[in-house]
Amino acid sequence: MDVTSGPVWIDGQVVDGTDALVHVMNPSLHYGWGAYEGIRFYPSGTPELTGPLVFRLREHIRRLFNSSRALGMRIPYTEQELIRACADLALRSGLSSGYLRPLVFLRAGAMAVAAQLTDVQVAIGCWAWSGYLPDADKGIRVRTSGWVRSGPAQLPPSIKSTGGYINPSLARLEAVRGGDHEAILLNQAGRVAEASAANVFALLDGVLVTPPVEEGILPGITRDALLDLAADLGVPTQQRPLAPAELRMAEEVLLAGTAMELVAVTTLDGLPVGEGTAGPVFTALRAEFDKAISGQLPAHRDWVTDVTGVLDPVSTSP
Ligand SMILES: Cc1ncc(COP(=O)(O)O)c(C=O)c1O
């Protein structure tokens with residue numbers, strides 16, 4: 001994975017990655033004041049769509065605007081302009097599948113905490129990112145972190161801010177240094193919140209349970225899709241507070257997020273989850289998810305944006 005060499009859209013222009021530079025005195029670099037998204041695109045799995053297909057592009061761009069607004073930054077583009085920019089970049093990258101990273105940040109100039117919030121820049125990167133975690137298809141080892149997820153009155157997890165990632169990064173660092181792949185953070189009440197870059201699901205007595213947004217999580221777009229796909233497969237779902245002990249009793253534990261997609265947790269805090277292998281509900285959901293991202297589920301066709309459709313001047317729908 002080389003994140004620097006692909007094309008970058010910055011301030012309305014597409015440039016070579018090596019030319020997409022910002023000043024080292026950029027205040028966003030110093031104070032962590034920025035908002036971003038991670039978005040994946042995939043090859044089409046149906047002759048009706050040309051592809052590549054961007055998964056839930058409108059929802060990601062909407063969340064980028066919401067996060068930026070919450071930080072007092074006004075994006076100097078419309079949502080539709082950034083949707084087109086993402087589609088354009090995906091196409092120019094020449095990749096059949098890849099990752100898009102829109103970033104909203106402050107222009108270099110003033111240097112003070114929360115200064116110059118109105119001078120906002122947008123950049124979008126694009127690269128091939130096949131596996132966020134190595135060998136994730138075999139299941140991953142996760143540990144419950146000693147770090148507590150920052151709460152709504154500190155760094156609200158519902159805002160996808162750059163600075164907000166210090167908290168989950170500390171948890172992931174602790175997990176990786178200890179030989180695990182990922183960390184699950186608890187919230188201030190000691191209940192399950194989320195992983196460092198994914199939402200958590202537990203299969204308990206055949207019900208797929210995930211903490212509600214009020215428990216202090218990023219309302220994941222993959223999480224939202226998974227709740228629908230589980231319902232489509234006849235797996236009952238429940239959004240309710242989840243105690244850490246319930247994760248240890250679960251038949252299956254899954255993580256869901258754009259970068260890591262859908263992965264099975266096979267070891268939690270050194271103990272096997274269920275049989276210690278990816279379970280049948282994970283396997284069924286993963287297969288359904290693969291159909292969804294490649295446009296093969298007519299009921300969820302609106303989740304994918306065909307980049308050629310966005311850029312086609314005669315097309316009216318994104
Ligand atoms: C902390 C956190 N929770 C959950 C998610 C999953 O969100 P999504 O599915 O929208 O990528 C992410 C990924 O961005 C994340 O960073």
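Guide: Let's sort residues into classes before anything else: Ala, Val, Leu, Ile, Met, Phe, Trp, Tyr, Cys and Pro count as nonpolar, Asp, Glu, Lys and Arg as charged, and the others, Gly among them, as polar. What you see is a predicted model, where local features need pLDDT of at least 70 and side-chain atom pairs count only at pLDDT 80 or more, while totals for chains, interfaces and linings use all residues. Residues are numbered from 1 along each chain as its sequence is written, and side-chain values use heavy atoms, with hydrogens and water left out.

Now for the pockets. On a 1 Å grid over the protein atoms alone, a pocket is an open set of points with protein on both sides within 12 Å along at least five of seven lines, whereas in a cavity a 1.4 Å probe fits but cannot get out; lining residues have an atom within 4 Å of a point. Points are joined across faces, edges and corners, and the volume is the space filled by probe spheres set on them.

The second largest pocket holds about 550 Å³ of space. Its lining takes in 36 residues, with Y36, K160, Y165, S196 and A197 the closest to its centre. Two or more lining residues come from each of α2 (57–70), β6, α4 (166–177), β10 (192–195), α5 (221–232) and β14 (252–257); helices (H or I, at least four residues) and strands (E, at least two) are DSSP runs, numbered from the N terminus. Sort that lining by class and you get 17 nonpolar, 12 polar and seven charged residues.

Next up, the largest pocket, with about 740 Å³. Here 22 residues do the lining, and A20, R101, L103, F105 and A123 lie nearest the centre. The elements giving two or more residues to this lining are β1 (7–10), α1, β3 (34–36), β6 (98–106) and β7 (120–127). Top contributor is β7, with four residues. By class, you'll find 14 nonpolar, seven polar and one charged residues around the largest pocket.

Look for R40, Y42, F55, H60, T222, T258 and F289 around the largest cavity. Its lining splits into three nonpolar, three polar and one charged residues.
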